[in-house]
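Me: Hi! I'm new to this one and would like a friendly walk through it. Could you take my questions as they come?

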Amino acid sequence: MISKYWKKVWFFLVLVCSVFGNLAFASEFDVTNYEVNANIRIDGTMDVNEKIDVNFHQYMHGIERFFEKFYDVWDFEFRTIYDNIEVIGDNYQNFDEYGDVYTRIGDANETIIWQDQYNIDYTTYGLIRNFSWMWYSELYWDVIWYEWWTNINKVKIQISLLKSYTWFT
């Protein structure tokens, strides 16, 4: 039989782990709105605008946005090029590291808490894959970086063709 002392210790440990465990894994910010507008041109390149509304839970200098350069599809490796990455209205720096591109948005001398919006423009090449032996093409794109460990409350993605066309005739 377990004594009252050990029951109290057990209850205290469970309480501490549940409270502080959640704090340890909490994200520093939430994305309240993530809006992506993409226009595919006839040559297969794509012009993209992202509007990211962020709610910070603690003082931070900004966010990092990652862009994946290599995709593996059916044991084929495809390369995607991200060009002209610009953040409108904020300080930013683009880095090419670990085979991917990431953009650090914010100011090292300024901290932000509560809400901020980031507006990112870029052009991609190589997202449309032509599988001529299978008679089709596909758009393969991780719109939102899969290693971004945060809550994303609302997402709107709009992809438009600037001209109607067929890849294979």
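Reply: Happy to! Confidence in the protein is lowest in helix α1 (residues 4-24), with a mean of 49, and highest in strand β1 (residues 29-40), at 93. Bear in mind that this is a predicted model.

Me: Which stretch has pLDDT below 50, and how many contacts does it have beyond near neighbours in sequence?

Reply: That is residues 15-25, and the stretch has two such contacts in the model. Where pLDDT is low, the predicted coordinates should not be read in detail.

Me: Noted. What does the protein average for pLDDT?

Reply: The average is 78, and 73% of the residues score at least 70.

Me: OK, changing topic. How many helices and strands are there?

Reply: The protein has one helix and twelve strands. Along the sequence the order is α-β-β-β-β-β-β-β-β-β-β-β-β.

Me: And what share of the residues counts as buried?

Reply: Of the 169 residues, 33% count as buried. The protein exposes about 11,400 Å², and carbon and sulfur atoms supply 55% of that area.

Me: What about contacts between residues 24 or more positions apart?

Reply: Those make up 70% of the contacts in the protein with a separation of 6 or more.

Me: Now salt bridges. How many does the structure hold?

Reply: There are three. One of them joins Arg65 and Glu50, with the closest N and O atoms 2.7 Å apart. Arg65 sits in strand β3 (residues 62-67) and Glu50 in strand β2 (residues 46-60), so this pair ties together parts that are 15 residues apart in sequence.

Me: Is Glu50 buried or exposed?

Reply: Glu50 is buried, because its relative accessibility is 0%. Arg65 counts as buried too, at 2%.

Me: Which residue pairs with Glu64?

Reply: Arg104 does, and their closest N and O atoms are 2.9 Å apart. Glu64 belongs to strand β3 and Arg104 to strand β8 (residues 100-106), so that bridge links parts 40 residues apart in sequence. Glu64 is partly exposed at 27% relative accessibility, and Arg104 is partly exposed at 37%.

Me: And where does Asp47 come in?

Reply: Asp47 forms a salt bridge with Arg41, and the closest N and O atoms are 2.7 Å apart. Asp47 is partly exposed at 27% relative accessibility, as is Arg41 at 29%.

Me: Let's go to the surface. Which residues form the nonpolar patch?

Reply: Leu139, Val155, Ile157 and Ile159 do, with about 310 Å² of accessible area together. Strand β12 (residues 155-161) gives the most to the patch, with three residues.

Me: Last topic, backbone angles. What is phi of Asn84?

Reply: Phi of Asn84 is near 55°, a positive value in a residue other than glycine. Most residues other than glycine have a negative phi. Asn84 lies in strand β6 (residues 81-88) and is partly exposed, at 46% relative accessibility.

Me: And what is phi of Trp114?

Reply: Trp114 has a positive phi as well, near 80°. You can find Trp114 in strand β9 (residues 112-125).

Me: Is Trp114 buried or exposed?

Reply: Trp114 counts as exposed, because its relative accessibility is 59% and the cut-off for exposed is over 50%.

Note on methods:
Residues are numbered from 1 along each chain as its sequence is written. This is a predicted model: local features need pLDDT of at least 70, side-chain atom pairs count only at pLDDT 80 or more; totals for chains, interfaces and linings use all residues. Side-chain values use heavy atoms; hydrogens and water are left out. Patches are made of residues with over 30% relative accessible area and no salt bridge: like charges are joined within 9 Å, nonpolar side chains (Val, Leu, Ile, Met, Phe, Trp, Tyr) within 5 Å. Accessible areas come from the Shrake-Rupley method with a 1.4 Å probe; for residues, only the protein chains shown count as cover. A salt bridge is a side-chain nitrogen of Lys or Arg within 4 Å of a carboxyl oxygen of Asp or Glu. Helices (H or I, at least four residues) and strands (E, at least two) are DSSP runs, numbered from the N terminus. pLDDT is the predictor's confidence in each residue, from 0 to 100. Contact means heavy atoms within 4.5 Å. Buried means under 20% relative accessible area, exposed over 50%, partly exposed in between (1.4 Å probe, protein chains only).
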